[in-house]
Amino acid sequence: MSDFIVINLQVLFSGLALGAIYSLVALGFVLIIRATNVVNFAQGDFAMLGGFSMVAFLAAGAPYWLAILLALVAMGIFGLIFNLGVYYPLRHRSFLPVIISTLGASIFMQNTVLYFFGPQPRPMEKVFKTSAIEIGGVFMDTQYLTILGVTAIAVGFQYFLFERTLFGKKLQATSQDKDMARLVGIPVATMIAFTFCYSAILGGMAGILVSPVLFVSIGMGSIIALKAFSATIIGGFGDVTGSIVGGLLLGVVEAFGAHYISVPYKDAFAFLLLFIFLLLRPQGIFGEKISEKA
Amino acid sequence: MKKILTILAIGLLIALLPYFFKVSPYVLNIFMQAVTYSIAVLGMTVVLGYTGQINLAQATFFGLGAYAVGLGTVDAGLNFWITLALGIAVATLSGFILGLTTLRLKGHYLAMITISFQQIFDLILNNWIDFTKGPDGIAGIARPSLFGYTLNDDRAYLLMCAVVLYAVIYFVWKLPQTSTGRAMRAIRENELAAEVTGVNSLKVKVIAFTISAALAGLGGALYAAGFAYISPDNFNFARSVEFLTMVLLGGAQSAFGGVLGTSLLILLPEWLRFLKEVYLAAYGLAVILIMVFLPTGIWGLISSRVAKYRKPAPIDLEAIAPLDVTVPITDPTPILKLENVQKHFGGVRAVDGITLEVMRGTVHALIGPNGSGKTTTLNILSGIYKPTAGSMTFDGTDITEMAPYERAGLGMGRTFQNIRLFPALSVVENVMVGAQRENNPIAPGQAALRERALSALKFVGMAQSAEVIVQNLPYGHQRLVEIARALAGHPKFLLLDEPAAGLNQTEKQELVALLKRLRGHGLTIFLIEHDIGLIEQVSDRITCLNFGKQIAEGAPNDVLRHPDVITAYLGESAHGAA
């Protein structure tokens, strides 16, 4: 293959891997949006917390795979606490107080972690020892491959859960009409608690996966969350497929932008793409225009 | 007047305090920060507190003002006052453009867009080093001179900033009592109802956003010269969140709340030194706690306590002029014409080709079983839904493409099936929003609006409750207030969506009397109702819908006895048995 194609494939590959991280966090976003109609601005900090939990369990002497498992369990528990402390008391209020409350939670999480771990970014080992595989001249980082693989599994699992199980149907019913769901006997509060739990695990998983690439740092969550949220808008607000496609698209645009135009401004490309979508197609790729009911 | 003078005197005394007592430069710096931040936070009061729109880029507008002064005076050697004006202009313009492009979108999008804007600003400040000086920032920003006197003394500069702050407080304090300010609060409370009542919501939101950006620019410009040094860290996302927290803690719905919140959050770090590293964590926790326990902020809590003890002046019912709702009666021509109007939702034809004429000065009822498309028709009429096909003419004007507020401006009033008032506004303020619609034939000025609103309230028998917060009224009274809000706009045409729903027998009879009175004044009324008894009493003409199509139209007796209508309501077999 010519160098030109190889380089572009290389960029595409890293863009997709980065995009997969955005997609994972975006999935968590979408789940909470669908269950509660609010955006969780601390979603990215779930990723940050996942990374630091991993660091903590490794430091405590846990083997790598056990540390991953423990970190994910910890994230699940944290999701439940988050629901109780940040969302549940405000569940009857409009979206604005809830958004602001999640912003507060984000500041709280970042600075609590800062207090215990300090400002120094922590390195993290890759999942697999081999660093890269070469296919036709394109070097594929094993961590990137892991990210793509895990994201695919997570998406498949989520599809199975939502579309093929009774539990998933109950979750869908909760997100579409809480009052009606309550009337047919679905425990709405439990469903929402589960959503936060699951969403925190997804976020934590994204954090653990991206740590070997980006390092574990206090601010890692904020920027991932912004991109992930852009992905949900670009894909279609609250649309699962859309958020995955949107995430991948953002990752690719960013990788190509950084390669061909400018590295320092790579974060700006994502936002530019978001602006363009909001102006030309605010409902996103897969979204439908819905008017407010009078 | 005396009160205002007292307040002014106290304010001036506070600003002059540093001249009387020995104050360390450190403390002066804290004051300087409090004063300049307050100006930006008051912008948040307007956009978030009054209008209910989130803005997470206030630090960007603050930064635009600051960098205009920094770059303008240090790099370009311009006069401070020119750069100040420039800074405000740049902030205002960016606020206007950002608002215009994004305020069409609802809450979450706005939050996201403003954050993105903030991030891009941060990237530019840090990376466009040739222009912005990058992370090192700009040092050596000089103090301005005023009337030939250079404000190098911190106390003098602080005094000047305080005077500016007082002016801003006054403006923000008085804003809610203006028509624009009232429209802002109406949007916060219920945007759809505001729009249908005649508020151009996009315009008002853009105004709010622009004011907010302008104030942030002003604050930032004063900040830059005050501290002589600026760097990107002063204007990042964390600062925007800080502004947000300040306005929420103090109380977003009042100018004093904004200043209180700012002062507290600037002083708190001084008082809470013992918290040291966990200070910011405590800060985040405080935000959650405020949201849960203090939704209206400290000032909101104080003012609601005070309001309990302060009785509003009683309303002199005798002094209220009778309401002029008269519409000159002309020939019996149609005021409204619908031509093959359709509305499809996906594959569902909710309204499937309605052609209809409503004659001037009549009461025309739209009936039909649940799901027959009545409310959809009303929503098309008031402009909430765009029809899929067909056209509408109102009083000789083609209104098919018009926004709801424009239709209100032509004299179309409306009430909702599930009452849509502005819950946190007083009864009279609710009705004043109706009175301030475009082209309302009343005298200009707030006094005339209030007078008109009181007249409308008296007309429906609710004037004695004028100063009550509307959400505290019982259901039946809220319905009446909603009708008064529509009447205050002096409509030619009134759309009522199930006005009798939830009313008891006495209230229903009062409603019948009210509708007859209105008809007597020449108003045309188009209503949806399920109460057949009420319809028989008031309507001149009835149209019956089923599955989005007209199945009968004519005089009440004919339509109500029409076999298709009976079938539609009772089903096939019931008709057969009858």
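Predicted model: local features only at pLDDT ≥ 70, side-chain atom pairs only at ≥ 80, totals over all residues.

Visitor: How many helices and strands does chain A have?
Guide: Helices (H or I, at least four residues) and strands (E, at least two) are DSSP runs, numbered from the N terminus. Chain A has eleven helices and two strands. Chain B has 24 helices and twelve strands.

Visitor: What radius of gyration does chain A have?
Guide: The radius is taken over C-alpha atoms, and the globule rule is 2.2 Å times the number of residues to the power 0.38. For 294 residues the rule gives a value near 19 Å, and chain A has 19 Å, which agrees with a compact globule.

Visitor: What share of the residues in chain B is buried?
Guide: A residue is buried if 20 or more other C-beta atoms, placed from the backbone, lie within 10 Å of its own, exposed if 12 or fewer, and partly exposed in between. Buried residues are 49% of the 578 in chain B and 48% of the 294 in chain A.

Visitor: In which order do the six strands of the open sheet in chain B lie?
Guide: Two strands pair if DSSP finds at least two bridges between them. The order is β8-β9-β10-β5-β11-β12 in chain B, with mixed pairing. Three bridges join β8(B) to the parallel strand β9 (residues 493-497) of chain B, where M412(B) stands opposite F493(B).

Visitor: Which residues form the contact between the chains, and how many come from each?
Guide: Two residues are in contact if their C-beta atoms, placed from the backbone, lie within 7 Å. Chain B provides 38 residues and chain A provides 35. On the side of chain B, α5(B) gives the most, with twelve residues. Counting Ala, Val, Leu, Ile, Met, Phe, Trp, Tyr, Cys and Pro as nonpolar, Asp, Glu, Lys and Arg as charged, and the others, Gly among them, as polar, that side has 26 nonpolar, eleven polar and one charged residues.

How values were computed:
Residues numbered from 1 in each chain as written. Chains lettered and ligands numbered in written order.
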